[in-house]
Every structure is written in structure tokens, then in C-alpha cells.
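Thanks, everyone. Please have the sequence and the structure open. I'll start with one term, then walk through the model.

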Amino acid sequence: MVFLKTDEEVELLRAANRLLGMAYGEVAKAIVPGVTTWELDKIAHDFICDHGGIPSCLGYEGYPATLCTSVNEQVVHGIPSKDVVLKDGDIVSVDGCVLLNGFHADSAYTFPVGEVSEDVLKLMRTTKECLMLGVEQAVTGHRLGDISYAIQSHAEGAKYNVVREFVGHGIGREMHEDPEVCNYGRRGNGIVLKSGMTLAIEPMVMMGRRNVIIEDDGWTARAADRKPAAHYEYSVCVRNGKADILSTFDYIKEVLKERFI
């Protein structure tokens with residue numbers, strides 16, 4: 001069942017997403033060679049809790065952390081660890097959720113660590129472009145498949161592949177609501193989008209083949225061919241004419257400056 005949100009509920013979602021964005025800004029300050037993903041997780045956890053939020057991922061179906069930190073060929077759901085030390089040239093996708101005032105926020109950003117190669121930066125830029133093209137389709141009267149097609153066609157046009165095992169989703173009082181938002185599909189297919197639908201749109205794009213493997217921890221999904229992957233995500237509200245982006249990367253941009261993608 002798809003729940004349409006009132007204007008008041010949309011503002012509560014925006015507030016939750018702002019808190020998550022602020023937490024990512026704090027995480028961005030710490031992403032340098034030598035930091036562990038466990039340290040990044042603690043920064044986010046403490047900031048969210050200190051500002052009245054609840055880390056939605058922590059304990060979700062047994063997940064043991066506040067963030068998912070997926071490094072290089074890890075696509076999604078990488079578990080933060082004291083043993084994972086970021087190195088110069090790495091990329092790390094940071095994905096998390098916040099519960100605030102009864103509503104969940106969800107967004108993701110892929111960070112460069114030190115100096116990243118140009119081919120990996122191109123992957124990151126293309127994935128961010130996929131996100132924005134998908135968001136452009138989240139308007140009243142379009143169909144769900146229009147979002148999916150925009151993401152898939154742009155990624156594949158750049159000779160990349162999109163993940164099919166993991167998808168975006170509705171978001172609101174639950175972290176995962178209907179409908180599923182695939183990163184592949186056909187224009188004109190799927191449900192008609194209505195004003196007040198709130199969606200988490202999250203392209204996950206692979207430099208190599210689209211096949212993924214779940215690692216022994218039962219969570220981390222990595223590229224089967226061990227080539228890099230990138231992941232960006234916004235929570236948005238479907239509106240007439242133009243989607244309302246509820247998430248923010250502004251706090252990340254303040255930290256990364258010219259390195260912001």
C-alpha cells in the first residue's frame with residue numbers, strides 16, 4: 001500500500017532528512033586516509049542521538065551499525081569495522097537512515113578518500129547524474145518506470161551497469177514502504193505517480209558487470225568482478241511539475257568544497 005503524505009508530514013520528513021544531512025557533514029570532515037569505517041559510524045551515531053534522532057538502521061533485522069559504509073567494490077550494506085582502514089584512492093558509500101518525530105530519512109553519498117583516479121571519479125559523477133535524472137521523473141502523472149528508465153539508460157549509455165538486486169523504495173513512518181523503485185525498467189510502466197508520494201531513489205552503478213555477491217557477514221554486497229561501484233540516494237516527494245527533494249547534500253558540500261560531486 002502506497003501512503004500519500006500530507007504537507008505537514010512532508011515537512012517532518014524534511015526535518016529528519018536535514019538531520020541526516022548534517023550528520024553526513026560531520027562524517028565528511030573525518031573521511032581521510034587512515035580513518036576506520038567504525039570511527040565514521042561512531043561520529044554519525046553520536047551526532048544523530050545528540051540531536052534527538054534515532055539511527056534507523058541500528059538493529060534493523062539485526063544490522064549492527066548506524067551507517068552502511070561500502071568501500072570500492074562493495075556496492076551496499078557494508079558493515080563499519082575497526083579493521084577497515086580507508087586508504088588514499090578509495091571511495092566509500094555512506095548510507096544511513098534517521099527516525100525523527102515519527103518519520104524516517106534515507107540518503108546516501110559516495111565520498112572520495114584522498115586522490116581518486118579519474119575513471120572512478122567518472123563513475124561517481126555518472127551515478128550522481130543518474131540520481132538527478134531519476135528525481136526529474138518523480139512528478140505527478142509520470143509512472144514509476146519513468147524513474148527506473150532514466151537511471152538505467154544514463155548508466156548504460158556511459159557503459160556502466162545498474163544493480164538489480166537492490167532497489168529504492170517508499171519512505172515515511174516506515175523506513176521501507178511501497179512502492180519499490182527499481183534502477184532499471186521501461187518508460188510508461190508501473191504505477192502512476194501522485195502528489196504526496198515519498199520515495200527514496202538510489203541508483204547503484206557498477207563499473208563492471210552488474211552481478212553481486214553477498215559476503216560472509218550476510219550483509220555486504222560486493223561486485224562479483226571486484227570493480228568499483230558508486231551509490232547516491234535522495235528522499236523526494238512527488239509534486240506537480242517538479243519533485244521536492246527532501247534530502248540535502250549541502251553540509252557535505254560545505255566540507256568537500258571543490259571535491260564535491
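A residue is called buried when its relative accessible area is under 20%, and exposed when that area is over 50%. Keep in mind that this is a predicted model.

Take Thr66. Buried or exposed? Thr66 has 1% relative accessibility, so it counts as buried. Thr66 sits in the loop between β1 (54–55) and β2 (67–71). What does Thr66 touch, beyond its neighbours within four places in sequence? Its contacts are Asp41, Ala44, His45, Ile48, Pro55, Cys57, Leu58 and Gly96. Val139 is 73 residues from Thr66 in sequence, and the C-alpha atoms are 31 Å apart in space.

Now the cores. In soluble globular proteins, nonpolar side chains tend to be buried together. Here, the largest nonpolar core has 59 residues. Phe111, Ile147 and Ile201 have the most contacts inside it. Helix α1, residues 7–30, gives the most to this core: nine residues. There is also a second, separate core of 10 residues, with Val75, Val76, Phe166 and Met204 among them.

Back to Ile147. Leaving out residues up to four places away in sequence, Ile147 touches Gly134, Gln137, Ala138, Val181, Leu193, Leu199 and Ile201.

Last, a sheet. Three strands form it, in the order β6-β10-β13. The sheet is open and the pairing is antiparallel. Which strands are at the edges? They are β6 (161–162) and β13 (229–231), each pairing on one side only. Strand β10, residues 204–206, pairs with β13 over three bridges. Helix α3, residues 118–136, lies across β10 and β13, at about 35° to β13.

Key:
Residues numbered from 1 in each chain as written. Predicted model: local features only at pLDDT ≥ 70, side-chain atom pairs only at ≥ 80, totals over all residues. Heavy atoms only, no water. Pairing = 2+ DSSP bridges. Helix = DSSP H or I, 4+ residues; strand = E, 2+ residues; numbered from the N terminus. Contact = heavy atoms within 4.5 Å. Axes fitted to C-alpha atoms, helices over the stretch in contact; angles between N-to-C directions. Buried < 20%, exposed > 50% of the residue type's maximum accessible area, 1.4 Å probe, protein only. Core = buried A, V, L, I, M, F, W, Y, C linked by side-chain atoms within 4.5 Å.
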